[in-house]
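Work through the exercises below with the sequence and the model side by side, and try each task before reading its solution.

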Amino acid sequence: MAAGGDRGGREEACGHESYRSPLASRYASPEMCFVFSDRYKFRTWRQLWLWLAEAEQTLGLPITDEQIQEMKSNLDNIDFKMAAEEEKRLRHDVMAHVHTFAHCCPKAAGIIHLGATSCYVGDNTDLIILRNAFDLLLPKLARAISRLADFAKERADLPTLGFTHFQPAQLTTVGKRCCLWIQDLCMDLQNLKRVRDDLRFRGVKGTTGTQASFLQLFEGDDQKVEQLDKMVTEKAGFKRAFIITGQTYTRKVDIEVLSVLASLGASVHKICTDIRLLANLKEMEEPFEKQQIGSSAMPYKRNPMRSERCCSLARHLMILVTDPLQTASVQWFERTLDDSANRRICLAEAFLTADTILNTLQNISEGLVVYPKVIERRIRQELPFMATENIIMAMVKAGGNRQDCHEKIRVLSQQAAAVVKQEGGDNDLIERIQADAYFSPIHSQLDHLLDPSTFTGRASQQVQRFLEEEVYPLLKPYESVMKVKAELCL
């Protein structure tokens, strides 16, 4: 990825004659791309070298204020061309940047990276990036939940046909179905926040995690080594550091991180699959812009392309967790370098993919369109069969025989089903009941017995309680960012 977070800058740097990841060039937000950019990464390396030098100076090592100031003044003065040439020559990315930083800090050159190993900058930077990437995702997920909560509240009472096995089932409400989506996303919000807050700094540990180099620097002063680790950890904004590491922080952390992102991907895939199916039924649609084209061949098409994009990318997000699982399992002893190239890809791609699907999901949630008349028509087609038990009970209360009524309903139901399946007609079961004198004692009750709102149980009350007790309290910490609108890159 090119240095900096500007989309145009990335395109200009790469040109149009080499491969660019669509996640960066087409889908993810500029702010997420910047967090995983070279500029952010290598600037953080320099910041870590500065924090280390400041802490070492405070604890008594012979580092001057002039050297510290020189490092501060050159944090952003990164010569990427020189760094690339040095890495080509040295075949070592960290030492290439040590030399590049030292070139613009000649007075501080001798104390840069003092006592540290490559993972001091590499792993600690990764942990800072993971934390900051979570900080970008969390409010986006909260906003998507908030938009869906508004949708659910507004349509808490709107009856709709439920589906099990994608076959007609008992009625629910549009708002209650939306709460199924929200509940999964709330679990994801809690899980992302937990993993983010559980992140610990690698800290100042040395080549195999024993801190031997720092113990030598401080002439065996164990307390100063402890203080050094604590000071740098606090400067980086972490509350805790690992006590035990090998050369790297345990790669189990990467499993935890990508597991919760994969779980988020599963939630979004389910939600957007439901929306795609409802679009086919013409009951609900995602936003469709005035000049948007659904098909190059069929002008009438209104394809759910946003939901399809979410499903497509969510599949990618879900499989990325296999990378850190494999990596953690093959880290021999204190570390092997076969983690490095894999992690450069999977960690960035997971967050850029999650960022994209959350931007897109929020956009979908802000413009969902419901078609009540289509929903009502489908209910009318299926409700007569569902109402038969209520009709039997009403007949019994009016003095009828349960078994006789059951047989009458069975015969009329089969006749109505034949009209639907064999003739392609509408369900006329109620008309048949109205025309049958046997059912005359309850003819006046049929409208009430067929009122869809009497078939939705406690759905609307469940929506209200769920939003008030579980959703709104969870969203409260994100109130200040709720008004931000989603913007799709393409």
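**Exercise 1.** By class, how many nonpolar, polar and charged residues does the lining of the largest pocket have?

*Solution.* The model is predicted, so local features need pLDDT of at least 70 and side-chain atom pairs count only at pLDDT 80 or more, whereas totals for linings use all residues. Residues are numbered from 1 along each chain as its sequence is written, and side-chain values use heavy atoms, without hydrogens and water.

A pocket is an open set of points on a 1 Å grid over the protein atoms alone where a 1.4 Å probe fits, with protein on both sides within 12 Å along at least five of seven lines, and lining residues have an atom within 4 Å of a point. The lining of the largest pocket has 18 nonpolar, nine polar and 15 charged residues, with Gly counted as polar.

**Exercise 2.** Locate the largest pocket.

*Solution.* Start at the centre: of its 42 lining residues, Lys41, Ser340, Arg343, Arg344 and Ile345 are the closest. Next, take the helices (DSSP runs of H or I, at least four residues): helix 15 (340–365) is one of those that supply at least two lining residues, and its nine residues are the largest share. Finally, because domain 1 (33–104) and domain 2 (118–289 + 301–370) both give residues to the lining, the pocket lies between them; the bounds come from an automatic or database domain assignment.

**Exercise 3.** Which helix gives the most to the lining of the second largest pocket?

*Solution.* Helix 16 (372–386), helix 19 (429–435) and helix 20 (446–449) each supply at least two residues, and helix 16 gives the most, with nine.
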